Amino acid sequence: GNGLLKLAKAIKKKKENVYAAGDGYNDVEMLIAAEAGFVPENGSQEALCVAKYITRSNNNGCIAHAIEILADKYK
């Protein structure tokens, strides 16, 4: 989580413009630190519990689905 926020600061992005995607228990802090977290439907229970968005599985274009959600949000 801290690494994500340090990266955002280094590239001069506000927290409200920082999103993260992850699928495991080791991604939970990053998902919480982001404005919103994307987790595939077949992600770990720990990650799913903190997800703002649940995407298609990681075998079925989860990142493409996250991009579709963001594109729709920022129309």
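Biologist: How many bridges join E1 to strand E2?

Modeller: Three, and the two strands run parallel. Keep in mind that this is a predicted model. One of the bridges sits at Tyr 19, whose partner in E2 is Ala 36.

Biologist: What's the strand order in the sheet?

Modeller: E1-E2-E3, in an open sheet of three strands with parallel pairing. Strand E1 (19-21) and strand E3 (53-55) are the edges, each pairing on one side only. On average, neighbouring strands are turned by 25 degrees against each other, direction ignored.

Biologist: And which helix lies across E1, E2 and E3?

Modeller: That's H4, residues 62-73, running at about 135 degrees to E3.

Biologist: Switching to aromatics. How many aromatic pairs are there?

Modeller: Three in the structure. Tyr 19 and Phe 38 make a tilted one, with 6.2 Å centre to centre and 50 degrees between the planes. Tyr 19 is in strand E1 and Phe 38 in strand E2, so this pair ties together parts 19 residues apart in sequence.

Biologist: Is Phe 38 buried or exposed?

Modeller: Phe 38 is buried, because its relative accessible area is 3% and the cut-off for buried is under 20%. Phe 38 also stacks with Tyr 53, at 4.8 Å centre to centre and 15 degrees between the planes. That pair links strand E2 to strand E3, 15 residues apart, and Tyr 53 is buried too.

Biologist: Which residues form the aromatic cluster, then?

Modeller: Tyr 19, Phe 38, Tyr 53 and Tyr 74 form one cluster.

Methods:
Residues numbered from 1 in each chain as written. Predicted model: local features only at pLDDT ≥ 70, side-chain atom pairs only at ≥ 80, totals over all residues. Heavy atoms only, no water. Pairing = 2+ DSSP bridges. Helix = DSSP H or I, 4+ residues; strand = E, 2+ residues; numbered from the N terminus. Axes fitted to C-alpha atoms, helices over the stretch in contact; angles between N-to-C directions. Contact = heavy atoms within 4.5 Å. Phe/Tyr/Trp six-rings, centres within 6.5 Å; stacked < 30°, edge-to-face > 60°. Buried < 20%, exposed > 50% of the residue type's maximum accessible area, 1.4 Å probe, protein only.
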